[in-house]
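Me: Hi! I'm new to this one and would like a walk through it. Could you take a look with me?
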Amino acid sequence: MYTHADQLDTQALWRVLDVTRQLGAPVDLETTLHTVIEAAREVLGADRGTVFLYDKKTNELFAKVATGLKEIRFPAKVGIAGECAQTRKVLNIPDVYADARFNQEVDRKTGYRTRCLLTIPLVGIDNELVGVMQLLNKTDGVFEEDDERLGTALAAQCAVALQRAKLLEDFMVKQKLERDLALAHDIQQRVLPTSMPVLSGYDLAGWSRPADETGGDIYDVVGVDDSGALLLLCDATGHGIGPALSVTQVRSMFRMAMRLKAPLDDMFVNVNDQLCDDLAENRFVTAFAGLLDTNAHKVEYHAGGQGPIIHLHAATGDADLLEASTIPMGIMPGLIAGRPDPIRLAPGDILALISDGIFEYIGPGNEQFGEQRVLEVLRAHQDKPMHELIRLLVEAVMVFACGMKQNDDMTVVLVKRHA
C-alpha cells in the first residue's frame with residue numbers, strides 16, 4: 001500500500017517529468033532560467049531560488065536571474081555556492097547562520113532572513129559545469145534527503161536545458177554579428193571607388209583587401225575638374241568595425257572639404273582636429289592626402305604617419321622612399337602641418353601609396369615582404385597598366401606568404417604619368 005509520503009513523492013516525480021517536457025522546448029536562456037527556478041521552488045517547496053551560471057572564461061559564478069534579488073557575480077571558489085561548484089556535491093545546510101561559509105551580507109542588504117539552504121551543482125553533457133542552483137527556506141521545515149535526491153534529478157535535466165539555451169543564444173548572437181559584419185563590409189566596399197577618374201596623360205588604379213570582414217584601410221581618388229585628383233589613403237589602428245568607421249569618416253570629411261574647395265592644408269588640419277574630438281585616446285589614423293596637378297605634373301601632399309611613399313623614377317630606375325611628413329591624424333589637435341616639397345612626376349614615373357599590410361605581410365620564417373620586394377615588383381613591371389601592376393604585386397605577396405594568414409589590411413594606390 002502507498003503511504004501519504006509515497007503519494008507526495010510520486011506527485012513530485014510527475015512534476016519533474018513535466019518540467020523536463022517544458023525544458024525541451026527551444027526557448028531563450030532567460031526564459032529557461034525562470035522555468036528552472038520556479039520549477040525547483042515548486043517541486044522542493046522552497047521560498048526562493050537562484051541559479052548561478054558558471055563563466056568558464058573568468059572562473060566566476062553569476063546570477064543572471066534570481067527570485068527577489070538583483071544580479072551578482074563572484075569567484076567560483078567563494079562561499080557555499082563556490083564550494084558546490086568546486087566539489088560538484090550537494091550541500092544541505094539546515095542552519096545557515098551556524099555555517100561560517102554563509103555570507104550574511106546579502107540578508108542584511110535585502111532584509112530577507114535565510115534559515116536553511118540547499119545547493120545543487122548543475123552538471124551537463126560531457127560533465128561540463130553549467131552552474132549551481134540554490135534553494136532557500138523550505139516552507140515546512142528544512143530540506144531532507146528526499147529533497148536532495150529529487151533536486152539532483154531535477155538539476156540534471158535543468159543543466160542540459162541551460163546548456164542548450166546557452167548554445168542557442170550564442171548561435172543567435174553569432175548570426176547577428178555575422179549579418180552586421182556582412183552589412184558593414186558591404187557598406188565599406190560601396191564607398192571604395194568603382195572607377196578611376198580619366199586624366200589626360202595619367203594612369204590611376206586602386207585596390208584594397210581587409211584582413212577581416214571590415215578593415216581599417218580605405219582609399220579614394222576624386223577627380224578635380226579635368227586637371228587633377230585628390231589622392232587619399234588612410235589606415236586606422238587595428239582592423240574591424242571600429243577602425244572601418246574611422247577611415248570611412250575620414251574619407252567623407254575629405255570629400256566634403258573637396259566640394260567646398262578647401263585648400264589642402266585646411267583640409268588636413270581640420271580633419272585632424274575633428275578626429276582628435278572623435279577618436280579614443282589610443283586610436284589614430286595614418287593618412288596620405290595629396291592633390292595631383294596633371295598640368296604641372298606634381299603632387300602636393302601631407303602624409304600623417306603614412307610612409308614610405310614610393311616615387312619610382314622611370315629614367316633611372318631609382319626610387320625615393322619618402323617618410324611621413326608629420327604625426328598620424330587624431331593625436332594632437334591644432335596641428336600645424338608644414339607641407340613637404342611636392343612630388344614631381346617625370347614621364348613614366350610611378351607614385352605608389354601602399355599600406356603596411358603589404359610591406360609587413362609575414363611569410364615563412366617570420367620574415368616580412370618588405371620594401372625591397374615591393375620595389376622589385378614595381379621595377380620589373382613598370383611598363384604594365386597600373387591595375388595589372390597591382391595584381392602582380394598582390395600575386396607576389398601571396399607567393400611569398402606560402403599560405404600564411406593575412407593579419408593586416410592591404411591597400412594600394414598607383415599613379416603613373418605616361419611616358
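This is a predicted model: local features need pLDDT of at least 70, side-chain atom pairs count only at pLDDT 80 or more; totals for chains, interfaces and linings use all residues.

Me: Thanks! With that in hand, where is Ser 325?
Reply: Ser 325 sits in the loop between β13 and β14, the latter being residues 343–344.

Me: How exposed is Ser 325?
Reply: Its relative accessible area is 27%, so Ser 325 counts as partly exposed.

Me: And what does Ser 325 touch?
Reply: Leaving aside residues up to four places away in sequence, Ser 325 touches His 302, Ala 303 and Pro 340. As for Asp 341, it is 16 residues from Ser 325 in sequence, and their C-alpha atoms are 9.8 Å apart.

Me: Let's zoom out. How many helices and strands does the chain have?
Reply: There are ten helices and 16 strands. The chain has 419 residues, and 46% of them count as buried. Its accessible surface comes to about 21,100 Å², with 53% of that belonging to carbon and sulfur atoms.

Me: Which strands form the open sheet, and in what order?
Reply: Five strands make it up, in the order β7-β16-β15-β12-β13, with antiparallel pairing. At the edges are β7 (202–209) and β13 (319–322); each has a single partner strand, so one side of each is left without a neighbour in the sheet. From one strand to the next, the twist averages 10°.

Me: How many bridges pair β12 with β13?
Reply: Four bridges, in the antiparallel sense, with β12 covering residues 309–312. Leu 312 has Ala 319 in β13 as its bridge partner.

Me: Which strands does helix α9 touch?
Reply: Helix α9 (residues 370–380) packs on the sheet and touches β12, β13 and β15 (350–354). The direction of α9 makes about 35° with that of β12. Helix α10 (residues 386–401) lies across β7, β15 and β16 (410–417), and runs at about 35° to β7.

Me: New topic: why is strand β8 described as largely enclosed?
Reply: Six of the eight residues of β8 (residues 217–224) are buried, so the strand is largely enclosed by the rest of the structure. Buried means under 20% relative accessible area.

Me: Which strand is β8 joined to?
Reply: Strand β9 (residues 228–236), through eight bridges, and the two run antiparallel. Gly 223 stands opposite Ala 229 in β9. Three residues lie between the strands of this hairpin, where Asp 225 takes a positive phi near 55°.

Me: What about helices α6 and α7: at what angle do their axes cross?
Reply: Roughly 145°, and the axes come within 10 Å of each other. Helix α6 is residues 241–259 and helix α7 is residues 264–278. The crossing is right-handed.

Me: Which residues meet there?
Reply: From α6, they include Val 250, Met 253 and Phe 254; from α7, they include Phe 268, Val 271 and Leu 275. By class, the contact has nine nonpolar, two polar and one charged residues.

Me: Last one: is Lys 138 buried or exposed?
Reply: Lys 138 has 10% relative accessibility, so it counts as buried. Lys 138 lies in strand β6 (residues 129–138). Not counting residues up to four places away in sequence, Lys 138 touches Leu 44, Gly 45, Arg 115, Cys 116, Phe 143 and Asp 147.

Terms used. Residues are numbered from 1 along each chain as its sequence is written. Side-chain values use heavy atoms; hydrogens and water are left out. Buried means under 20% relative accessible area, exposed over 50%, partly exposed in between (1.4 Å probe, protein chains only). Two strands pair if DSSP finds at least two bridges between them. Axes are lines fitted to C-alpha atoms, for helices over the stretch in contact, and angles run from 0 to 180 degrees between N-to-C directions. Contact means heavy atoms within 4.5 Å. A crossing is left-handed if the near helix is turned anticlockwise from the far one by less than a right angle, and right-handed if clockwise. Ala, Val, Leu, Ile, Met, Phe, Trp, Tyr, Cys and Pro count as nonpolar, Asp, Glu, Lys and Arg as charged, and the others, Gly among them, as polar. Accessible areas come from the Shrake-Rupley method with a 1.4 Å probe; for residues, only the protein chains shown count as cover.
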